[in-house]
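The questions below take up a few local features in turn, and each answer works towards the value or name that was asked for.

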Amino acid sequence: MAETVPVDRRQRAQELRSQLQKASYAYYVLDAPDLPDEVYDRLYRELQDLEAQYPELVTPDSPTQRVGERPASQFTALEHNIPLYSLENAFDIDEYRQWEGRWQRQTPDLDSAAVVAELKIDGNALALTYENGLLTRGVTRGDGISGEDITQNIRTIRSIPLRLQIDNPPSRVEVRGEAFIPNDVFDRINADRQANGEALFANPRNAAAGTLRQLDSRVVAQRRLDFFAYTLLLPEGEGGLTLPQTQEDSLAALQTLGFKVNPNRKLCPTAADVAQFYDQWDEARTQLPYLTDGVVVKLNDLALQERLGFTQKFPRWAIALKYPAEEVPTILQDMTVQIGRTGAVTPVAELAPVQLAGTTVSRATLHNADRLAELNLHKGDTVIVRKAGEIIPEVVRVLSDLRPVDAEPCRLPTHCPECGKQLVRPVNEAVTRCINPSCPAIVRGDLIHWTSRQALDIAGLGEKWVQQLLEQKLVSSVADLYELTVEDLLPLERMGKQLAQKLIDSIQVSKSQPWSRVLFGLGIRHVGAVNAQLLTKEFYTADRLAAADPKEIEAVYGIGPEIAYSVHEWFQSAANQHLIERLKAVGVQLEGAPTVAEPTELPMAGKTFVLTGTLPTLSRREAKAKIEESGGKVTGSVSSKTSYVVVGVDAGSKLAKAEKLGIQRLSEDDLLTLLQQTASS
């Protein structure tokens, strides 16, 4: 009970929270630390101990609550309080002036208006909601109308305050901004992933997006995302904050509330001022500690913003003035190929080293055979290279007029350079593949994937050790890892007995990883970590999944036909069946807890619905919620197990299939009547 907490302990907890919040703000927002790390750590541990002794002292804004203890099972879709629109793009000042002319034609009483130019952060948009000063909700952009509730992950971003820094906060505040991963943090993440044999992130934006969708907030915390706020939405006349009249006022108010706001912005009275700001940062942006791909320009007057409103897709009062990707010429010295974990063959251009966007580039992706043919590359060609997404170098075009006489054309090999087997290009695929499951490159990729953090998380067993295990012929599949002994490892280069024992222990511990991680670790094409969780929730043993047909697999919400077919085909392979049996024999976890059965007292328990077309009044999310509240289940595809198909305007192939199978068809009215009748019966 609250009254059991001594007054002095309660006061000390409040004092510690205040000190730690102030220190975090100074460190993560102001970039001006005011406490040594060891002092901060000591105060943090003291607060942890107090809260452990008196759980009643834990508050939602406590610094100890930034990282959740339990991973989320999935993300919930939430509608935005106000749509989170994307921005129209302009790619030069002439296009910017055209945009300026469009809004001016809508306001003939205005000759001009000042704008605020802000750097466009290359990250992921978030919408944050604060109620009575406390962070209560954080949602991704999604489709602009709804996004995913990732509040637990957002709480780990230390530049986002858990409580607004104002004594009398409005009852509700919404803040929009951009989550991103700084360049140095991104480099560290990829270095760690490379050391652990994991696939590298293509760029900081993709890394941030993948991080925000992690089900385990502890992983998010480790990746040290940052956040710049840029939009403030306030209820009028509430709390101790003056209602902003301009975008500049809004940015100042955000700082007052405790948010980090990008300092690189400028009030621009004219288009010439915008052009000067744009040109200035085109040269200087490579020196920034984060990626920016342009300048966002917003009309400064918020009343004018409201007057102009929105198109179907964009605000009329803002535009993104994008920078073109940097391109440089260099010489193609050779072409090599890489064989990926799935056997995919990727041609790679070996280049004369060249400086590009702040780094030295000597290799660039050529994607696939189609792209190779389109470029018509020859050794010795002068090629133009740029960084796709500002990170991955790629060849854009060839200056064929500069081609040397008798230059040798670049072609994909007909046989795998790793195993010598013939390469194939499956029908309707752009990718050429090695289909030999014993190919050293595929086996190496399988092992590295299996040991990665999102899969079996075998600590210490990185790419270098995997390579040695293969060279010494100690393993040829993931199942072989579990038969290794300390004595097997000792002959490896730089391997001692203590390290060998640690690796064997890590391998044995991995047997207890949940079935969802094992399924992801098997490396089935198109099955990522999230899809693996969806599948193992429905098919709680490997045997159940192996016995399912593609339609049963596709019936899992969120699983499409391509994934379903890939999973089914994988389990039909005799080699993969043998692998599963071997993993069972060594004790790897191949089953989880069965999904709790729906309560039989709910009227629609056991009934499966498919929604198709646009319903007159209900959104698809609302219809799904009503069905599930009655115990029913909504799936994405029609099968013989479907009970009803709910049909709206512009129904597609699902309706035709339902009619062919003789499945009962419902309109929206029919659905509501059915749910009402069964609820009252």
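Helices (H or I, at least four residues) and strands (E, at least two) are DSSP runs, numbered from the N terminus; axes are lines fitted to C-alpha atoms, for helices over the stretch in contact, and angles run from 0 to 180 degrees between N-to-C directions. This is a predicted model, in which local features need pLDDT of at least 70 and side-chain atom pairs count only at pLDDT 80 or more, while totals for chains, interfaces and linings use all residues. Residues are numbered from 1 along each chain as its sequence is written, and side-chain values use heavy atoms, with hydrogens and water left out.

Q: Which word describes how α12 and α13 are oriented to each other: parallel, antiparallel, perpendicular or oblique?
A: Helix α12 (residues 440-451) packs on helix α13 (residues 463-471) at an angle of about 135 degrees, with the axes 10 Å apart. Angles under 35 degrees count as roughly parallel, over 145 as roughly antiparallel, 65 to 115 as roughly perpendicular and the rest as oblique. The two helices, α12 and α13, are therefore oblique.

Q: How many nonpolar residues are in the contact of α12 with α13?
A: With contact taken as heavy atoms within 4.5 Å, Pro440, Val443, Arg444, Leu447 and Ile448 in α12 meet Glu463, Val466, Gln467 and Leu470 in α13. Ala, Val, Leu, Ile, Met, Phe, Trp, Tyr, Cys and Pro count as nonpolar, Asp, Glu, Lys and Arg as charged, and the others, Gly among them, as polar. By class, the contact of α12 with α13 has one polar and two charged residues, and the nonpolar ones number six.

Q: How many disulfides does the count come to?
A: A disulfide is a pair of cysteine sulfur atoms within 2.5 Å. The cysteine sulfur closest to that of Cys419 belongs to Cys434 and lies 3.6 Å away, too far for a bond. By this rule the number of disulfides is zero.

Q: Is Cys434 buried or exposed?
A: Buried means under 20% relative accessible area, exposed over 50%, and partly exposed in between (1.4 Å probe, protein chains only). Cys419 has 25% relative accessibility and so counts as partly exposed. Cys434, because its relative accessibility is 2%, counts as buried.

Q: Which residues does Glu554 touch, not counting residues up to four places away in sequence?
A: Glu554 is found in helix α19 (residues 550-554), and its relative accessible area of 11% makes it buried. Beyond four places in sequence, Glu554 touches Ile559, Gly560, Pro561, Ala564 and Ser637.
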